[in-house]
Amino acid sequence: MAVTHDDVRHVAELARLAVDDDRLDHLVSELNGILVHMDALAQVDTKEVEHAVFAPVDSTPVRADSGSPLKMLNPLSSFAPSVKDGFILVHRLASHEDSADRAP
Amino acid sequence: MSSDRYEMVVGLEVHVQLKTKSKAFCGCSADFGAAPNANTCPTCLALPGALPVLNEKAVELASRAALALGCKLNRVSVFARKNYFYPDLPKGYQISQFDQPLATNGSLKIETPEGEKAIGITRVHMEEDAGKSLHDRYPGETAIDLNRSGVPLIEIVSEPDMRSSDEAGSYLRTLRQILHYLRVSDVSMEEGSLRVDANVSARPVGQKELGTKTEVKNMNSFSGVEKALDFEFARQCAILDRGEKVSQQTLLWDAGKGEARVSRTKEGSHDYRYFPEPDLLPLVLDPSWINEITASIPELPADRKKRMAEEYKLGPEEIDQLTVTPSLADYFENTARDSGDPKASANWVMGEVLATVNASGSSVDSLKVRPADLAQLIKLVRDGLVSHAAGKKIFSLMLESGKPAAQVAHDAALLQVGDETALAGWIDEVIAEHPEEAKRYMAGEKKLQGVLVGFVMKKSGGKADPKRVNQLLMSRAGGG
Amino acid sequence: MTPADFTSLSAVALSARVGSGEIAPADAVQASFDRAATAGAGRESLNMILWSDHELAIRDAHSLAEGMAAAGRGGLLAGVPIAVKDNIATLGLPTTCASKILAGYVSPYEATAIVRLREQGAIVVAKTNMDEFAMGSSTENSAYGPARNPHDIRRVTGGSSGGSAAAVAAGVVPLALGSETGGSVRQPAAFCGIVGVKPTYGRVSRHGLVAFASSLDQIGPMARNVEDVALAMEIMSGLDAFDSTSSSREVGGYRDQFMSLATSPAPLEGMTIGVPEEFFPENLDDSIRRLCERSIDALKSLGAKVIDVKLPHTSLAIPVYYIIAPAEASSNLARFDGVRYGFRTDMAASLRELYSITRSEGFGPEVTRRILLGTYVLSAGYYDAYYKKAQAVRALITRDFGSVFGDGVDALFTPTTPTTAFPIGGITDPYEMYLSDIFTVTANLAGVPAMSLPIGRAAGLPVGGQIIAPHFGEAAMFRVAYALESALGTEAHQ
């Protein structure tokens, strides 16, 4: 499997990374240079362990509903780039329809 | 329009906020109404290095809901990360469940005009809520409030088993009532503790395969869901009639305009890259714990209705009204038990009690008149100690003071007066003040009796026992 | 003893003298700052320290002194200055992961490991340089430039915990914290001639460690001797309510166990040590091989039975690691979006640009590369072939260790790295760089504890030997390490 320019563009879009065209060629060859070594895995017979991968021993620990949160020594406003009336501000979404970008 | 040649196929995804004190993965308060971002900590702000720890109560409530919906609770379920960017999703992923959900394979019985119908429940899984984005608060900017970020949810996914918007509505109302009875959620669509997305498709009547479905979002009431489904079904039918194909897409319901618009989000732009959440181990449920939760499930609406109809000899409409919420049903049952008069209790609960609750918008649980108090009032009326009219007045005074019925009746001098001397005195006064009417009545003009009783009642301030006044007037007129 | 000599003391020795009142905490802290200045620890020379605050450290020392006076005693690390890798949350000093995207960020809470060390009297004097977000094996991938090896400033420190390794090697602190995902404590420890530990996964809380690959990450101590790292492990280890993956297993009294054997002529009597052939490939550097053989002879003379063992899936560890770690990283680093903290571009015209410009400007090339790689292997159509397959092979690698340790082997001995510290700028191909983790990543994938300790020098540069133990087998690991360290004596640095 070789990574194409479109693959890298798509993945960069998913990862919200701006990749300019000069860098794209370079990244395609780098990623292919790395992924070629991963092909060795395809040759390994893993049937035996495939179902054992997530075989659980212990359950994830649970906490009581009453607990108090970890305290913060400095408030959100001390480190957030833009805060107003307690809200964090970002650029307005291009349109309200972008809210469909949110998963259900 | 040719929608009668097509059949509607609907599946629903319902998100329900669980009623816990703290969030799903951190100790922050899950309450509404705090100042923006007041209920946040390193974990739900996704500060570098902060980790999730699962809330026990969320697991319990989710499991209770899944079991009540007839699901198989899986002994092992796995949390997974659903990766996407949105400014109110602090981690850049939502902790959810994917290929190993909490519970699978349930069903829910709904009422349809054709009788009872079972709707399959595909799965119930746990996840966390995102924060809130306010787009209209500041010009050019979106304001983020993360108080809701990390609040526990369950997602209940149905099979595509519904065939009309009415069935979808019935499913939602039945589901909401069950969740209400389980006390796992406030289940308020207005407050966002219950949210619905619908998958809808149309197919020619008689065809087996499903048509291409679209997803409709952004409905904020059950009737909105029904309207959106009808709108979208009609749109798909028109497309099919033109010989075109329905394309798989997401639509947003606009309740104001009564129409659904195709979202501009590119299909396929969502690739959530699910993988098992490495910060949590799988959730492993102990079989004895599952038994405990199963045993803790209260009587559900369908069973309760059946039992109450038999026990109190009430009609289906009365039962439906009295069982709308578990609190109201409890209130009624306690009143009926204490008063020994189910019929009168039903009338009072459906009348004064519901009117009060609806007017105040608060729960029957916070009503000052408790079932025992109402039962006492019902007994006073039944025993003729207060008139029905006075009873209503006493009820409203009890609402204000919270005092027992008998005391309120006494303090407000609303106990009926059946004492002959007092009654005779008022009758004498009325005869003296209205000699003309009295004379004609005595002379045999019987229809004036009602007028004279009215004068006596008015003079007594409503306290005179009208039955006795009638009797006394008749005996003065010479026994008839 | 003059203040200048304080920095030659081990953590154990220094805390004993502070506890007895012989050395004031503020003097120990001052000595550390003086040493940093003479060693050239700052940005302009060795570049091992990114953030420090002299005034704050002295203030901490004074309040420690007051607390000790009130309590009548000091903790196990009373007055010990420690350096902390910049991806571990600390109060008072920035936590930036050596990344532009966290420029200026000061955590409002502290990592559990730091809280526990402070409870015992440790004083945080510095946040150390590292590969950005711990992604690298040389500390060259830092937004603040490469750290330099105190043994040869033209060479790398190793990485990603290079700054911590160098700070210990240069005598600035007796104890430092690094973090491991694929060898990031052991490899720089080997390159800088010190001791470094990768605990069993779940032994030390990850709460407050900025996540790179959550299923692999562990905080680990670095020091000049085995006793100091064992002490730090005793303090930091154990269940933490803030980390669901931390273990409730009891923490052993590691030091008591190996100290009780200190006078024994054969302290490793009854132990079987396995030597996995896959870690001694034909092309292994000759001098590293010879130093390993010298150590193996020493282990035998200490009473251990040494046998050859096989870990047949070792060659697959790098491909597996470079699928799983970037996959988890691509998700873990999604939170660095310019919305709630850290760097936010002012070039954005829309929310979409706020994300993409902030992230492209904020992350360096290696981090970008790994996010893209990780996003790719998780994306629709590739998940099964890459991520799922890698997890299955990871299970095989884990099983390799299980069968060896199940067969009565108590610990393994291997070289830590295939080479000594390489020149700065010497490796430019990403995959070639990844291969420098070839002997260390298997322990992370299997979750077993491992450590590196100095076993000699090749061409004047330090060489590390690695000891790997079964899950929660830290006691056995330290027993072997302590005995070997004592047996090698000054040869460990020759």
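# Close-up views of a predicted model

Figure 1. Within chain C, 77% of the contacts with a separation of 6 or more are accounted for by residues 24 or more positions apart. The chain holds 17 helices and eleven strands, and its C-alpha trace spans about 70 × 55 × 45 Å along the principal axes. The radius of gyration of chain C is 21 Å, which agrees with the value near 23 Å that a compact globule of 494 residues would have. Of the 494 residues in this chain, 66% are buried.

**Figure 2. The side of chain C that touches chain A.** In this contact, 47 residues of chain C meet 41 residues of chain A. On the chain C side, at least two residues each are supplied by helix H11 (317–332), helix H12 (351–362), helix H13 (365–378), helix H14 (384–406) and helix H15 (430–434). Which helix gives the largest share of this side of chain C? That share, nine residues, comes from H14(C). Sorted by class, the side of chain C that touches chain A consists of 31 nonpolar, ten polar and six charged residues.

**Figure 3. Packing of helices H11(C) and H13(C).** The axes of H11(C) and H13(C) are 7 Å apart, and the two helices pack at an angle of about 100°. Because angles of 65 to 115 degrees count as roughly perpendicular, H11(C) is described as roughly perpendicular to H13(C). From H11(C), the contact is made by Ile323(C), Pro326(C), Ala327(C), Ala329(C) and Ser330(C); from H13(C), the residues taking part are Arg370(C), Ile371(C), Leu373(C), Gly374(C), Thr375(C), Val377(C) and Leu378(C). By class, the contact of H11(C) with H13(C) has eight nonpolar, three polar and one charged residues. Both helices also supply residues to the side of chain C that touches chain A, at least two from each.

**Figure 4. An open sheet formed by strands of chains A and B.** Four strands in the order E2(A)-E3(A)-E10(B)-E9(B) make up this open sheet, in which the pairing is antiparallel. Its edge strands, each pairing on one side only, are strand E2 (83–84) of chain A and strand E9 (132–138) of chain B. Across the two chains, strand E3 (residues 87–91) of chain A pairs with strand E10 (residues 141–145) of chain B in the antiparallel sense over four bridges. The bridge partner of Val90(A) in E10(B) is Thr142(B), while that of His91(A) is Glu141(B).

**Figure 5. Strand E10(B) and the hairpin it forms with E9(B).** E9(B) and E10(B) pair in the antiparallel sense over four bridges, and Lys132(B) has Asp145(B) as its bridge partner in E10(B). Two residues lie between the strands of this hairpin, and Gly140(B) in the turn has a positive phi of about 75°. Is E10(B) largely enclosed or exposed? Four of the five residues of E10(B) are buried, so this strand is largely enclosed by the rest of the structure.

Figure 6. Most residues other than glycine have a negative phi, and most peptide bonds are trans. Ser160(C) is found in the loop between strand E3 (123–128) and helix H6 (162–169) of chain C, and the peptide bond from Gly159(C) to Ser160(C) is cis, with omega near 15°.

Figure 7. Leaving aside residues up to four places away in sequence, Asn444(C) touches Glu180(C), Thr181(C), Gly182(C), Lys198(C) and Leu216(C). With 28 C-beta neighbours inside 10 Å, Asn444(C) counts as buried. Val463(C) is 19 residues from Asn444(C) along the chain, and the C-alpha atoms of these two residues are separated by 21 Å.

Note on methods
Residues are numbered from 1 along each chain as its sequence is written. Chains are lettered from A and ligands numbered from 1 in the order in which they are written. This is a predicted model: local features need pLDDT of at least 70, side-chain atom pairs count only at pLDDT 80 or more; totals for chains, interfaces and linings use all residues. Two residues are in contact if their C-beta atoms, placed from the backbone, lie within 7 Å. Ala, Val, Leu, Ile, Met, Phe, Trp, Tyr, Cys and Pro count as nonpolar, Asp, Glu, Lys and Arg as charged, and the others, Gly among them, as polar. Two strands pair if DSSP finds at least two bridges between them. A residue is buried if 20 or more other C-beta atoms lie within 10 Å of its own, exposed if 12 or fewer, and partly exposed in between; C-beta atoms are placed from the backbone. The radius of gyration is taken over C-alpha atoms; the globule rule is 2.2 Å times the number of residues to the power 0.38. Axes are lines fitted to C-alpha atoms, for helices over the stretch in contact, and angles run from 0 to 180 degrees between N-to-C directions. Angles under 35 degrees count as roughly parallel, over 145 as roughly antiparallel, 65 to 115 as roughly perpendicular and the rest as oblique.
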